[in-house]
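Here is a brisk report on a two-chain model. Keep the structure open while reading.

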Amino acid sequence: MAGIRIEHVTKSYGGLSVLKDFSLDIADGEFVVLVGPSGCGKSTMLKILAGLEEASSGKVTIGERDVTDLSPGDRDIAMVFQNYALYPHLTVRKNMGFGLKMRGTEAAEIERRVTEAARILAIDHLLDRRPRALSGGQRQRVALGRAIVREPLAFLMDEPLSNLDAKLRVHTRAEISALHKRLGVTTIYVTHDQTEAMTMADRIVIMKDGEIQQIAHPDLMFREPANLFVAGFIGSPGMNFLQSPVADTGGRAQVRLFGQDVTLPVPLAALPGKDVIVGLRPEHIMAGPGAVSFEVQPRLVESLGSEQYVYVDLPPENRVGQARNGASDEDGRGNSLIARLISPDGRAFGERLTLSFDPARLHVFDAVTQEAIR
Amino acid sequence: MRRRPRDSILLYAAVIATCAILVFPIYWLVVTALSEPDQLRQLPPKFWPDQPRWHVFGEIMAERPILLWLGNSALAAIGAVTLSMTVSVLAGYSLSRFRVRGGPSLGLFILTAKMLPATLLVIPLFGIFRQLELIGSLWSIILAHATLIIPFTTWMLKGYFDTIPRELEQAAMIDGCSPLGAMVRVILPVSAPGLAATALYGFVLSWSDYAYARTFLTNAQSNWTANLGITTMKGEYVSNWSDISAASILVALPILLIYLFLERYLVGGLTAGAEK
């Protein structure tokens, strides 16, 4: 096991820059998740770490060793691929032992380690099968097994759950977390699914357009997003955004939301004459009256049994172009607000509804720079 | 959806007609081989001889060195295929995997070579082989056939390699293989059906050549290939078409057997390589 240091790594293809000055220190045994939308550079960074892509500039250190110019096989890392990349012509046993064989490990030792890894992953009954005779979940386990038998310094995982169905994905997610706790091997995990990032990571690195947006513990990232993009990406459904000018009311910063004056939880000094975007998480909106109440006509109600998503049109003066999850606003979601109501009481679609929120829960962002203001 | 009876009848009729057109030349070759020479000119023709001459095969093998010719054809085909596959596996893999400056143009250049008719190359090749003192040697047609086979097999294999996920060799490299090691240990075994189909295709191309053998081997009887040998059975004034047909059957037999036994495997390999 070893820590990993990535220093000022960049990657360009011709004039196209896909990674811009990426630096990250990963502690020994840490589980770090790189997350972001498609094309944000997270998989490129993982491939540079693996040695499968060459960085345009920068340095990568694994343990105390500079591996920037080493071939993938000399870096002592193991990788789990999105499509598993199992060798179709070899049995599960040979797939798992292939890396050890390449390193000249004795046959008896290979057998011992393959058997042990297969036992840990509960695939010992599949060892003599070929990959085509396995289900998706079983292939995923074999891919994990191939990584752990090597006892590498670090695991690199490139969206390993994205080919599994929803139920199996949740199950395997928990298994990978448990496996990490058991083995304690430094792990870098790439995904575009914020739920995977939130549930598995010791730290999340969220990326957009080749740049790191924020590095933080999942809870901290959820509570204190660094900017509008992070706020919209982390959380499901994503944060609601409402735009308003700021008014100075007796030394306090006030905005106007749903036709009401609302005092912001940030000092006025931080907002000199700025337009702001106010963020409110769907789960921080409650049914019934509260500190700030407003009556709405829901546009759509989605019921999930234990909770309901209530979609409400925003007043025109509060609308912003910024959609949730950092996506474009083609679906018009920047014009609506979602309330996530727990324990629904059978409210019917079409009825008017009173919603409320606590102003202390509001997040404030600069409308121009999109950075968080605290 | 169930097919209507009229459609089925039309479909079967079309299939039977196509098969008849394809199979008739082979059938007529057999009839010609087994008929007495004077029966061949009868009108109306006989569609099966009264007394088939089964002994004709033994007779022509005793009269002519058919086995030697077949052996030479096999040697030339195996040599040409071995050479072509060695070159085109590496070339096809490179075209499929590496993005180098001029790579696509090089690929198109190879494709253009594929479009040239074989006879166009006969004269320049003759000049080259004469300088290398290869005229009359089996090496001349091994090399000449390779010039025909390599463009085809390189593109067929490129297509096949394109269908294999890059992650396979990336996984092998992380497991400790060099790029060449990953190709040899992982990609080639996975490509076995494509390799086999491509190699058989090259074999057939070499086996059926006449023009190169006629040009390079005419003066070296011991190196004649089967196709060249058969043409010497045709006399200036009189030709025994029964004997020529019998020899043709013996020459066509290996390829027919290969196709009959490996047809499913061949077609599977080719289409798997073709789809992207």
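## The interface between the chains

The model is predicted. Where chains A and B touch, chain A supplies 18 residues and chain B supplies 13 residues. On the chain A side, the elements giving two or more residues are strand S6 (77-80) and helix H2 (92-102). By class, that side of chain A holds 12 nonpolar residues, five polar and one charged.

## Chain A as a whole

Chain A has 374 residues, and 42% of them count as buried. Its secondary structure comprises eight helices and 23 strands. The C-alpha trace spans about 75 × 50 × 35 Å along its principal axes.

How much of the contact in chain A comes from residues 24 or more positions apart? Among contacts with a separation of 6 or more, such pairs account for 68%.

## Two domains in chain A

Chain A splits into domain 1, residues 4-227, and domain 2, residues 232-373. Their C-alpha centres lie 37 Å apart. The contact between them takes 11 residues from domain 1 of chain A and 10 residues from domain 2 of chain A. On the domain 1 side, helix H6 (194-200), strand S9 (203-208) and helix H7 (218-223) of chain A each supply at least two residues. H6(A) gives the most to that side, with three residues.

An unreviewed UniProt entry places the feature "domain: ABC transporter" at residues 4-234 of chain A. The end C-alpha atoms of residues 4-234 of chain A lie 25 Å apart. That span is 37% helix and 26% strand.

Strand S1 (residues 4-13) of chain A runs antiparallel to strand S4 (residues 57-62) of chain A, and five bridges join them.

The hairpin of S4(A) and S5(A) has two residues between the strands. In this hairpin A:Gly63 takes a positive phi near 65°.

## Helix H5 of chain A

Just after H5(A), A:Gly184 takes a positive phi of about 65°.

## An open sheet in chain A

Four strands of chain A form an open sheet in the order S11-S15-S22-S23, with antiparallel pairing. Why is one side of S11(A) and of S23(A) left without a neighbour in the sheet? Strand S11 (240-245) and strand S23 (372-373) of chain A stand at the edges, and each has a single partner strand, so one side of each lacks a neighbour in the sheet.

S11(A) pairs with strand S15 (residues 275-280) of chain A in the antiparallel sense, over six bridges. Within this sheet, A:Leu242 stands opposite A:Val278 in S15(A). Strands of a sheet pair through backbone hydrogen bonds, either parallel or antiparallel.

## Chain B: domains and annotated spans

Chain B is divided into domain 1, residues 1-54, and domain 2, residues 66-274. Over C-alpha atoms, 32 Å separate the centres of domain 1 and domain 2 of chain B. Their contact takes eight residues from domain 1 of chain B and seven residues from domain 2 of chain B. The domain 1 side of that contact has five nonpolar, two polar and one charged residues.

For "transmembrane region", an unreviewed UniProt entry lists residues 9-30, 66-93, 105-126, 138-161, 182-204 and 244-262 of chain B. Residues 9-30 of chain B are 100% helix and 0% strand, with end C-alpha atoms 30 Å apart. Residues 105-126 of chain B are 91% helix and 0% strand, with end C-alpha atoms 28 Å apart.

Notes: Residues numbered from 1 in each chain as written. Chains lettered and ligands numbered in written order. Predicted model: local features only at pLDDT ≥ 70, side-chain atom pairs only at ≥ 80, totals over all residues. Domains from an automatic or database assignment. Contact = placed C-beta atoms within 7 Å. Nonpolar A, V, L, I, M, F, W, Y, C, P; charged D, E, K, R; others polar. Pairing = 2+ DSSP bridges. Buried ≥ 20, exposed ≤ 12 C-beta atoms within 10 Å, placed from the backbone. UniProt positions renumbered as here; feature names shortened; annotations may be inferred.
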